[in-house]
Amino acid sequence: MSELLVDFITSLDGNASGEGWPGFWGLEGPEYLAWLGEQPEVTYLMGANTYRLMSGFAAGEVPSGQDEFRAEEEASVDELTQASKVVFSSSLEEPLTWANSTLVRDDAVETVRAMKENGSGLLSTIGSLSLCRSLLRAGLVDRFRVGMFPVITGATGAERIYDGYPDVALEMIEHRTFDGRIQLVEYKPRVLEHPPLGAPA
C-alpha cells in the first residue's frame, strides 16, 4: 500500500508564494538543500495550475521578477522533470509535454484512493492547494509536512494554504531546523468532525 504525503513550503504566515520573492524565499541553505537531495523517490500529484507553472519553468520560463533561474531553482526543476508525475485536470489536453507526466481526468480523490490501495512507495503532492484540501478532507493523507521559512509575507503573500480547511488534529512525528532558520514539522493528520469542546455531551 502506498503512503500519501502532503508537502508544503510556506512563509511563517502560511502563504505558499509571494509576489517578487524567489523560490524558497531566497533563504535555502546547504543543510536544507542537502536534505532535499536525500529525499526518497516519489510520484508527484498535482493539479492543472501547478502543472502549467512548473512545466513552464522546465521549458525555461523564468519566474516573474527574475532575470534567470538561480542554480538551486534550476536543480529543483530538473529533479521534478525526472520524477513521475500524475496530473489531475479536465482542462489540459494530451499529450502532456512535460516528461514523465500522466494526465488523469477521473475524480482525483477516488483515483488517489485506488493508487494508495494498489500501489507501493510514496505519493507526494506539490503545490496544488485545492487538491491537497480535497485529499485531506477525504482522510487519505498519511503525513502532513510543512517547511516554514522565516519571512512574513503580509503585503505580498499569495496562495493562503489553510483557507477552507476543516479542523485537523496533528500528531507530530518529526521536527528539524535547517541552517539555523528553516523549521520543518511533520505530522500525522486526523480530520475532526468538531472541535473538542463541541463534542456531544
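Colleague: Quick one to start. In strand 6, which residue is the bridge partner of E3?

Modeller: That's L122. Bear in mind that this is a predicted model.

Colleague: Noted. How do strand 1 and strand 6 pair, parallel or antiparallel?

Modeller: Parallel. Strand 1 covers residues 3-11, and three bridges join it to strand 6.

Colleague: And how many bridges pair strand 3 with strand 6?

Modeller: Four. Strand 3 spans residues 42-47, and this pairing is parallel too. V42 has L122 as its bridge partner in strand 6.

Colleague: Are the faces of strand 6 covered or open?

Modeller: Both are covered. Strand 6 is residues 122-125. L122 and S124 are buried on one side, L123 and T125 on the other.

Colleague: Switching to charges. How many salt bridges are there in the whole structure?

Modeller: A search finds seven.

Colleague: Are R143 and E186 buried or exposed?

Modeller: Both are buried.

Colleague: What about E110, which side chain does it meet in a salt bridge?

Modeller: R113, at 3.4 Å, N to O. Both sit in helix 4, residues 108-118. They are three residues apart, about one turn of the helix.

Colleague: Why does E110 count as partly exposed?

Modeller: Because its relative accessibility is 45%, and partly exposed runs between the under 20% of buried and the over 50% of exposed. R113 is partly exposed as well, at 29%.

Colleague: Which residue forms a salt bridge with D163?

Modeller: R160. Their closest N and O atoms are 3.2 Å apart. D163 counts as partly exposed at 40% relative accessibility. R160 is partly exposed too, with a relative accessible area of 49%.

Colleague: Last topic. Which residues gather in the patch of negative charge on the surface?

Modeller: E68, E74, D78 and E79.

Colleague: Where does E74 lie?

Modeller: In helix 3, residues 71-82. E74 is partly exposed, with a relative accessible area of 45%.

How values were computed:
Residues numbered from 1 in each chain as written. Predicted model: local features only at pLDDT ≥ 70, side-chain atom pairs only at ≥ 80, totals over all residues. Heavy atoms only, no water. Salt bridge = Lys/Arg side-chain N within 4 Å of Asp/Glu carboxyl O. Helix = DSSP H or I, 4+ residues; strand = E, 2+ residues; numbered from the N terminus. Buried < 20%, exposed > 50% of the residue type's maximum accessible area, 1.4 Å probe, protein only. Patch = residues over 30% accessible without salt bridge, like charges linked within 9 Å, V, L, I, M, F, W, Y side chains within 5 Å. Areas by Shrake-Rupley, 256 points an atom, 1.4 Å probe, with all protein chains shown as cover. Lys, Arg positive; Asp, Glu negative; His and termini not counted. Charge placed at Lys NZ, Arg CZ, Asp CG, Glu CD. Pairing = 2+ DSSP bridges.
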